[in-house]
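Open the model in your viewer and keep the selection tool handy. We'll go stop by stop, picking something to select each time.

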Protein chains: 2
Amino acid sequence: MRSSEGFTGSVWLRPPRAQTGQPALSREQIVRAAMELLDAEGPSGLSMRRLGTKLGSGATSLYWHVANKDELLELAVDEVLGEIYVPEPGDTTWRVGASISANGMRAALLRHPWVIGLLGLHPTLGPNAMRLGERLVALFTAAGFTGMPLSHATALLNSHAIGSATSEAAVRSALKRTGKTWEEVAQDVEPYLERLAPDNPNYEKWRQETGPMRKDPDQVLDETYAFGLERLLDGLEMWLRDDGAPAADGDIGDRRG
Amino acid sequence: MRSSEGFTGSVWLRPPRAQTGQPALSREQIVRAAMELLDAEGPSGLSMRRLGTKLGSGATSLYWHVANKDELLELAVDEVLGEIYVPEPGDTTWRVGASISANGMRAALLRHPWVIGLLGLHPTLGPNAMRLGERLVALFTAAGFTGMPLSHATALLNSHAIGSATSEAAVRSALKRTGKTWEEVAQDVEPYLERLAPDNPNYEKWRQETGPMRKDPDQVLDETYAFGLERLLDGLEMWLRDDGAPAADGDIGDRRG
DNA sequence: AAAGGGTCTCGCACACTGTTCGAGCCGACT
DNA sequence: AGTCGGCTCGAACAGTGTGCGAGACCCTTT
């Protein structure tokens, strides 16, 4: 069986295995252990052999419960999505609900940064991903969205969480890997920036005017994310008010500039 | 030398190698060839040995020009960022300029989907990434942004491009991998969705009301991206008009809901 | 009680990976 | 003529994902 010979062969669409013997090893257990390895040491920390010994069993035993390393990773990704909480429509404002959802997604991705590199490989349609979709649809329906724009709006929210988390994970991993502080890194990069300064006049000017980073990177990254989220929610709210009802179905008014 | 013992050891901060002998192999050539392999066969298609034979040289010769496979990938990522065009401030409206930039970023990421999985690993500060930053600063400065909000605004634009491209790449890669059409995939997934239907009432209802996908996935993905971009630009424009001038420096007015 | 069959574990083996090391080549400068 | 630095490369090492087939265990049927 080829590693992925179609959607029909995907983990999610395949019926689960029957189970009568002595398990000693279960899919959930394997996935959980894999996540622990990934959280602790990143993508390179997970190998089938290491996972096997961590579970006290042979490496190839895993292949009874999981077709593939790829499939194992898919399962792990869905597991992470299961950590995200999306409020019920009645619990709060739509806007706050959307914020909580996006915050949760961002937090989950930053808690398990290895997920970020996997999101672009397969569409995740595991049960937790579906539940996430369900809850978001509920939230945005209650807010007044319908049809394709509803799907577009939830996609926008997710995109922001994913995109932000990607950028954040990059700098966070650099800080962690080097073990340096924000100031030390800034000092290291300084001469490089100065060498490039003649080519980047606008950036340099902005950098001079804004001055050195006074806040720690956590706070800056939080603010960057939060600022974007507010702008995006403003945009959605505005669309809901202005164009939502009248132009219910027709073409979207993009490329208007 | 450890693979990455700090920012000081990063490719970008290290002075380039002196060069007098007979090159026969150059860093640019290597990076270009690596990109070709990656574009053609994805991340698993690139191995140092294959890259070596593609260039007609021994695999280990590459290690003279490049410290690492990781470093090679960093160089390739920056190369991709070099394909993105950002208009000059005077060329168009700010809004159109931002759209063009984001469109370019999204297109570049979809042309080279392997980049997506690498963006979260290291912050890219190669020359092309810097140039990108420079141009965006120019564009957003001309639009009236200053200080931290300027940085937040550009980050938002990039996040949208990255996040959208991630989601898109997932479905595009699935379609390509399985070789199936959109309708065939939908048919494959159908029974799974119906099995989960009782748990996802809102999603199901939305699905029923919206009806089957009439358009091809390219168009749907384009629309999703474009819708999000417009909402986001609306939000930025609104902020620029309302809060931009008065609250120039202080805390950002987030968490307002 | 015996036989059969499914579930599950696992050692071996294969092809392949990234990377180190040290030997050697070749052109240029002294 | 000799040395030196840039550059190439083959051999080797430790480690990877995974296919295969032998077996162990337990439940069911005869």
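This is a predicted model: local features need pLDDT of at least 70, side-chain atom pairs count only at pLDDT 80 or more; totals for chains, interfaces and linings use all residues.

**Stop 1: the two copies**

Start with both chains in view: chain B can be laid on chain A with an RMSD of 0.0 Å, using a turn of 180° and a shift of 0.0 Å along the axis. The two copies are thus related as by a two-fold rotation axis.

Residues are numbered from 1 along each chain as its sequence is written, chains are lettered from A and ligands numbered from 1 in the order in which they are written, and side-chain values use heavy atoms, with hydrogens and water left out.

**Stop 2: where the chains meet**

Now select the contact residues (contact means heavy atoms within 4.5 Å): 80 residues come from chain B and 83 residues from chain A. The same surface serves both copies, as 100% of the contact residues of chain B recur in chain A. Together the chains bury about 7,100 Å², 66% of it on carbon and sulfur atoms; this is the accessible area (1.4 Å probe) that two parts lose on being put together, summed over both. How many salt bridges run between chain B and chain A? The count is zero. Here a salt bridge is a side-chain nitrogen of Lys or Arg within 4 Å of a carboxyl oxygen of Asp or Glu.

**Stop 3: chain A on its own**

Chain A has ten helices and zero strands; helices (H or I, at least four residues) and strands (E, at least two) are DSSP runs, numbered from the N terminus. Of its 257 residues, 50% count as buried, meaning under 20% relative accessible area, with exposed over 50% and partly exposed in between (1.4 Å probe, protein chains only).

Next, select residues 47–66 of chain A, which UniProt lists as "DNA-binding region" in an unreviewed entry. That stretch is 55% helix and 0% strand, and its end C-alpha atoms are 14 Å apart.

**Stop 4: charged pairs**

Pick A:E36 and A:K54, whose side chains meet in a salt bridge (3.0 Å, N to O). A:E36 lies in helix α1 (residues 27–41) of chain A and A:K54 in helix α2 (residues 48–54) of chain A, so the pair ties together parts that are 18 residues apart in sequence.

Then jump to A:D234 and A:R95, another salt bridge (2.9 Å, N to O). A:D234 sits in helix α10 (residues 217–244) of chain A and A:R95 in helix α5 of chain A, so this pair ties together parts 139 residues apart in sequence. Are these two residues buried or exposed? A:D234 is buried, and so is A:R95. Salt bridges that share partners join A:R95, A:E230, A:R231, A:D234 and A:E237 into one network.

**Stop 5: the nonpolar cores**

Bring chain B back. A nonpolar core is a set of buried Ala, Val, Leu, Ile, Met, Phe, Trp, Tyr and Cys residues joined through side-chain atoms within 4.5 Å. The largest has 72 residues, and those with the most contacts inside it include A:Y192, B:L51 and B:L236. Helix α7 (residues 147–178) of chain B gives the most to this core, with eight residues. Finish on B:L236: among the residues that it touches are A:F227, B:W94 and B:F140, not counting residues up to four places away in sequence.

Key: Copies are superposed by least squares on the C-alpha atoms of residues with pLDDT of at least 70 in both. UniProt positions are given in the numbering used here, feature names are shortened, and annotations may be inferred rather than shown by experiment.
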